[in-house]
Amino acid sequence: MLISRKLLNQWIDVSKHSIETISDKLSLAGLEVEGTETFALDARVVLARVLHVEKHPDAKKLSVLQVSTGENTEQIVCGAANVFEGALVALAQPGAVLPGEMTIAHAEIRGVKSAGMLASEKELGLSENHEGIMIVAEEHSGRLGQSIATLLSLNDTILEIGVTPDRSDALSHFGIARELSALLEQDMLQDGYEVEELAWVDAPPSLKIHASDLCQGYRLVSFPNYCSSKLADKASCDSRLLGRVGFRSKASAVDATNLCLVNIGQPTHAFDAAKLRKRAGSEGVSIEVRCAQEGEKIKTLDEVEVVLSSEDLVIADRKGPIAIAGVMGGLETAVDENTTEVWFEVAHFAADSVRASSRRHGIHSESSYRYERGVDPLLHERAIRELAKACNASQAHILGEQGLIEEAVSLNFMHSELEALVGGTSLDSIRVVKRLQNLGIKTRCEKGEYHIDPPTHRPDLTRSVDVMAEWVRTEGFDSIVGVKPRPAKPPRLGSRRTTRKHLAKVTQARGFREHVNLAFMSHAEAELVASSDEYVCIANPLGVETALMRSSLQLGLLKNAAAQMAHSGHTLRCYEMGTIFTSKHSENSPNPRQAGSALGADSYAKEHEIFSALEISPSGKDKLETIRGALAKVKLVVEEVFDFETSLLFEQNQDFGRLWHPSQSASLVCEGHKLGVFGVIHPRVLAFYGLEKYSAVAFDIDVEKLAELRSQIRRTYKAFSKFPGVTRDISVGVPESTRVSALREILREAGQGSALESIDVFDIYRGDTIEAGQKAVAMRLTFQSHAGTLKDEDVDPIVASALALLESKLGATQR
Amino acid sequence: MVLQALIEELGAEESNLIKTIEAALSSEELESLRVKAIGKKGSLTKVLRGMGKLSPDDRPKLGAAANQARDRVNNALEHAKKRLENAALEAELKIQLDLSEPSAGLSLGSSHPIMQVQEEILSVMDRLGFQRAEGPEIEHDFYNFEALNFPHNHPARDMQDTFFVDENVVLRTHTSPIQIRQMLAQGEPPMHISGYGRVYRHDQDATHSPMFHQIEGLWVDHGVHLGHLKGTITAFLETLFTPETGVRFRPSYFPFTEPSAEVDMSCVMCGGSGVAHDPAANNEHGKCKMCKGTGWIEILGAGMVDPNVFGAVNFPKDIRGFAFGIGVERVAMLKYGISDIRMFYENDHRFLSQF
Ligand SMILES: [Zn+2]
């Protein structure tokens, strides 16, 4: 919210405080000053009178003027059409710096000298008005040569204050002044403006409130002899002020309502009385505050047709709604430049009702903003004075009534409670009472107990803790002594956390870098993962790219890879740990209030923590060879992840979803549990990301399942043999379709009960010296005994029978 | 005189051998000389074959002379071996290798900077006695708002732009629902929780991302007061940044705490003076860009847990607690001088490799 120091000075005299002091006071009391802007017009812009106007000899649109600053007469070249002899103008003299860093200098325009320029309001930073030069009102004629800034008191400082949603009382200059009065311990200024109330004589409208629970008071105010064309000077002064606190100046009656709003925080509305009479015809104007009928329509001031619901509160005449209560007025009865008679609405509407209507129709106005936060219901008299002031009126016709104001509930708390909250330091109860009373909170203290009556302008003070917080807020946290609480139990290390650390360690050691992606995906990306519709859709996404919650982490990694490959064609290794989501819409959401289900993570969607890693590299000339190499390297990482378990199985030819290559991927199966997928990313997926020329090998691991498995590991020491082992290298030729795991199984079978300790495949050869469609697999068999050194005759028969078994079962030929 | 002749022959052979040994240039040559000299068929052994011609009295004399000669030759061999070894070592030590040639093999990967900072913050909280906790990212309105004292249809809800899944289910806008779940699960105080994870806001620009990371501390126990809040947060920031870090509490408003405060810390760029040492870090008015010359930067939100929150989880009426929340990205941006939050999610390795 924008606060003008000049407007503030109407309510409290802060002239002796620097803007820094005011900012600090407010910021440290929870009204954060987010910025300040100072308007100071250069003093070399002075009041001058145009004495003589003649055409420029060499330019049709220019005039050559003689202007007087009282002492001197200067020659000025001017292009404005509205200049006339006798006009009072703002002369920017040479040396003056105008807003926007424009420096004025002596100039020669088409051969005619000009000692400065006549400025428009826009050039002086006063308004957006750039149609001609600024004409100053004749009342200032006696002060030629004086600085315009002083003359029109133009200089001001604007504070931008971030008001939190609980502080509706601070949404006006009056409210900020009240706050400063408490913080600076300085009285506010008395408002001496008086308005005489007159009877409404000719043809008063009838007025009826039908929904008194939603409208606690409604008045129509009309100022006799009010003419919409106010004094020009006051009008431009008002519109300038409004401009600086963020309001566009409109019809003068609207300016009056806006001035009332920024000054005291009471929203009001201006109806064109003639338009209301015309709608009413001969029956006379009848105004009702009532709930709308379902389907009733109104065209609002911003020219949008709104279809109302029966829960909307409206102001209506015989023909239908003329305003949505507290939200926005209707277009048909709005004031405009031809309005001659205005009826101002001064009312109080219930916060919930205004907020609901404002949200239902997506209309957010300055009025609804204040109502939904809570407007002081006792502001009507003051509002009428503010409107009168803005309209230069001293008399008013007033119709209607203030409704019943709910009495605030009295609060009480013990002095010892306050002391316990701030940390046991002893407080002076007299000071507490005085401070709260300075804030306008009626307080007394009896026998160590405070009795509090919160004021109507503080709807946020509903509990004793709120009042205690007021003490802390205004006293400041500096008064509180910091201590550390006594230490709690040392934190535990969960299996999930050690598993995450393990995954990070293993992959980082192999050069994988961690990525963090936004957890969204597009519908097109969702299609890449699976064809089902079990996605979590966001009802109000930022865009199509982020319409769904991600169902795979690989999508993010591939997208990153595509961006990366644009500037580096090298191999990229990356991983991400995070949540994937699937919807649970077939089931009912569990009742959140059941304490037992509080930690059930999958309550409203299925959330799985996944670890995904990806290696991507250019396919090169021999794509298959590239993939084989990459698979071997990445498989090593997978095996290191499962370092605790030798029975890790790679089960192929299953349904992995659309992301994976159907013939080059495998499920990771451990102890009968499916823990993830390892393999090649589907070429169609790579093509989607523009990565046709690349090959990608990846794996996904379910972190939760892995953590569970790891938590069951009990590592125990196994003695190793003191005797040297014996090794035998064998090489066999088999068809390409024969899986290495089959060879291993047969060797294990042949070596069962023997000293065969391990089988290591150390080379797989495909090439010129072997038949096409065949591969040569070289393996090293290691035999080891705990009983003694093995001899050739212990080992050779086993190797021979193993080779025979390989030949008979798989047709393997020894090489 | 046969003895004399044989001894002379031995002497000649010995000096001949020693001369050759001293001239030897390689260990292989030395080895063959050793065989040639004192092996079974060696030249010194050959001289002993003349032993038969000697009288039994002379025989030991020739034997002794032969042994002496053999010792001297052995000595010479030892010397030569050392000499060659020394020469070889010296030669090896003279070989210059260019260590500016590039390294080979895979370089180490890395943790994402956000995750590094998250871990750093959590480990500081570990030491202060908080227990780590997580929770679902898709949440029911009850956990994300209602139990945290954001009533339905209340303007406080506008403070957090929310992604909705449906009317009652949202992407969590903060890590506070973890508090609620933990309190409901445990059912009674005390609670010492550091909740952390991804959170979501309907917002996107250079300093706001629709997804970011948050960490929240919750400390609930009998007798907890504002002094504990202040002491804990001060210790937390001093450990996370530097022991000289200044800390300032400004009153503010959050629905789930009362009283509430925004916490500022002294600017990391100018040390709180408002003017940075490095002129490039100052704006055109000579004021520090990071803190706009105020010397303070906003770092976290905090407060005493609102009684309504305890009401929602059925905790005792007289219980008190404090809570604070910090944005991981915000800390990382301050620590590393990053001005655009989007850098974190682009995952460019030219960026990631710097952390
Ligand atoms: Zn700074």
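How much area is buried between chain A and chain B, and what percentage of it do carbon and sulfur atoms give? The buried area is about 7400 Å², and carbon and sulfur atoms give 58% of it.

This is a predicted model, in which local features need pLDDT of at least 70 and side-chain atom pairs count only at pLDDT 80 or more, while totals for chains, interfaces and linings use all residues. Residues are numbered from 1 along each chain as its sequence is written, chains are lettered from A and ligands numbered from 1 in the order in which they are written, and side-chain values use heavy atoms, with hydrogens and water left out.

**Figure 1. The interface of chain A and chain B.** Buried area is the accessible area (1.4 Å probe) that two parts lose on being put together, summed over both. Of the area that chain A buries against chain B, 11% is supplied by Phe477(A), Arg513(A) and Val516(A), more than by any other three residues. Chain A brings 85 residues to the contact and chain B brings 88 residues, where contact means heavy atoms within 4.5 Å.

Figure 2. Six salt bridges are found between chain A and chain B; a salt bridge is a side-chain nitrogen of Lys or Arg within 4 Å of a carboxyl oxygen of Asp or Glu. A salt bridge joins the side chains of Arg463(A) and Asp306(B), at 2.5 Å from N to O. On the side of chain A that touches chain B, strand β31 (residues 572-583) of chain A gives the largest share, eight residues. Helices (H or I, at least four residues) and strands (E, at least two) are DSSP runs, numbered from the N terminus. That side of chain A divides into 43 nonpolar, 18 polar and 24 charged residues. Here Ala, Val, Leu, Ile, Met, Phe, Trp, Tyr, Cys and Pro count as nonpolar, Asp, Glu, Lys and Arg as charged, and the others, Gly among them, as polar.

**Figure 3. An aromatic pair in chain A.** Over all chains, the whole structure holds 26 aromatic pairs. The ring centres of Trp200(A) and Trp343(A) lie 5.4 Å apart with the planes at 80°, so this pair is edge-to-face. Rings of Phe, Tyr and Trp (its six-membered ring) pair if their centres lie within 6.5 Å; planes under 30 degrees apart count as stacked, over 60 as edge-to-face and the rest as tilted. The pair links distant parts of the chain, 143 residues apart: Trp200(A) is in the loop between β13 (196-198) and β14 (206-209) of chain A, and Trp343(A) is in strand β23 (residues 342-349) of chain A.

**Figure 4. A salt bridge within a helix of chain A.** Arg370(A) and Glu366(A) meet through their side chains in a salt bridge of 2.7 Å, N to O. Both residues lie in helix α9 (residues 366-373) of chain A, four residues apart, about one turn of the helix.

**Figure 5. Backbone geometry.** Most residues other than glycine have a negative phi, and most peptide bonds are trans. Lys447(A), although not a glycine, has a positive phi of about 50°; Lys447(A) sits in the loop between β26 (442-446) and β27 (449-453) of chain A. In chain B, a cis peptide bond with omega of about 0° joins Pro189(B) and Pro190(B). Pro190(B) belongs to the loop between α7 (176-186) and β5 (191-200) of chain B.
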